[in-house]
Amino acid sequence: MMLYSDTVTEKSKADFRMRHSSVFCIILLNFVVSTSSDCGCSGLSRDAASEALAARNVEPASCIGTSVSAESQTQTESALADTTIPTGMVLIPGGSFLMGSDDAEHIFPSDGESPVRQVYVDPFYIDQTEVTNRQFSRFLKSVAKNATASFKLETDKFGWSYVFIHHLSPATLSQTENVVQNAPWWGAVHGADWAHPEGPDSDLKGRLEHPAVHVSWHDADAYCRWAGKRLPSEAEWERAARGGHEQWRHPWGNDLEPNGTHMANVFQGKFPLRNLAADGFNGTAPGRAFAPNDYGLYNMVGNVWEWVSDYWASKHSSAPLRNPEGPASGDRKVQKGGSFLCHASYCNRYRNSARIGNTPDSTTSNVGFRCSRAATLPE
């Protein structure tokens, strides 16, 4: 467990106290210009030993899964059509696709997006939208009624969560004494949680259909189990995001804004100083904002990062795989899709193949999830 004070330096604290002055803006601008393209999302860990562990651990040479044979797959469109699709979910047909990307112009090599590899996944269902605040509230109310339940949200255990500092009120900002080293736009805020996304003086008014955030991997896993579902694997998530199209950069194609149309909730302006919100949103957007992809799924990129089931690895075999599940163990879990803080000139991870890893107890104001479940076809 890493207390948020362990993530900062005395210099970053001093810089943060100047936040209301133009001097602080200049410091932050210089920091942005001088650093590499990293939004800092992957560094928002609670684990004090995460970097040391990552340095010592040898990553698996390959992911769990079976090799894809050349035999014809037996799933048919007529069989899929006969299934009853659960409410709020979409049936993704089984089949092979090309996972990952070798697009050197856009990918981050250290993120493990390459090599492109052939992957087969069985048919599965996945939620059309990210789990909303309304849905997450029902889950917590159900758990609260269960006298034998011992579940506790990660934010309740630790009492704080990471928030983008430009979304904080002056009162909360004045009480936020710590920021993240190397990413000073992130503050560890006491009282920030799913119901108070920007700290204790914020609420969910007008945001019940927005994605639930400040949710850890453990929290997301608990919700999906309660709902009779599970978190999707990374391979399932990426197949769903691609909408049946091979190697498209985004769920809708290769252009970020085709014909000038905003297709996702991402950061416009000068990151992190000013979001112009040209897409209509300064923070999260409702679950069904923007057009769905060709599978009928909303907000697969942008809006919020989404937890998947896999442990993190940045090296992958190019051999074909069937239903890969990622490494058998690790200290981080994979997040997919980017968020409303991703920016074209700084962190363009609002792409189908983009990925980062974070410890499973980590919570932030730009991370949520959606659920999936296996599809049982009629015999």
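## Aromatic cluster and helix packing

Ring pairs join Phe136, Phe139, Phe151, Trp194, Tyr223, Trp226 and Phe369 into a cluster. Rings of Phe, Tyr and Trp (its six-membered ring) pair if their centres lie within 6.5 Å; planes under 30 degrees apart count as stacked, over 60 as edge-to-face and the rest as tilted. The model is predicted: local features need pLDDT of at least 70 and side-chain atom pairs count only at pLDDT 80 or more, while totals for chains, interfaces and linings use all residues. Residues are numbered from 1 along each chain as its sequence is written, and side-chain values use heavy atoms, with hydrogens and water left out.

By the ring rule there are 15 aromatic pairs. Two of them involve Tyr223.

| Pair | Centre distance | Plane angle | Class |
|---|---|---|---|
| Phe139 and Tyr223 | 5.4 Å | 75° | edge-to-face |
| Tyr223 and Phe369 | 5.4 Å | 70° | edge-to-face |

Phe139 lies in helix 5 and Tyr223 in helix 8, so their pair ties together parts 84 residues apart in sequence. Helices (H or I, at least four residues) and strands (E, at least two) are DSSP runs, numbered from the N terminus. Phe369 sits in the loop between strand 15 (367-368) and strand 16 (372-374), 146 residues from Tyr223. Tyr223 is buried, with a relative accessible area of 6%, and Phe369 is buried at 0%. Here buried means under 20% relative accessible area, exposed over 50% and partly exposed in between (1.4 Å probe, protein chains only).

Helix 5 (residues 133-145) packs against helix 8 at an angle of about 80°, with the axes 11 Å apart. Axes are lines fitted to C-alpha atoms, for helices over the stretch in contact, and angles run from 0 to 180 degrees between N-to-C directions. Helix 5 is therefore roughly perpendicular to helix 8 (under 35 degrees is roughly parallel, over 145 roughly antiparallel, 65 to 115 roughly perpendicular, the rest oblique). Gln135, Phe136, Arg138, Phe139 and Ser142 of helix 5 meet Ala222, Tyr223 and Trp226 of helix 8, contact being heavy atoms within 4.5 Å.

The largest nonpolar core has 64 residues, and those with the most contacts inside it include Phe136, Tyr223, Leu297 and Phe369. Such a core is a set of buried Ala, Val, Leu, Ile, Met, Phe, Trp, Tyr and Cys residues joined through side-chain atoms within 4.5 Å. Helix 8 (residues 217-226) supplies its largest share, 5 residues. A second, separate core of 6 residues includes Val163, Ile165, Leu168 and Val189.
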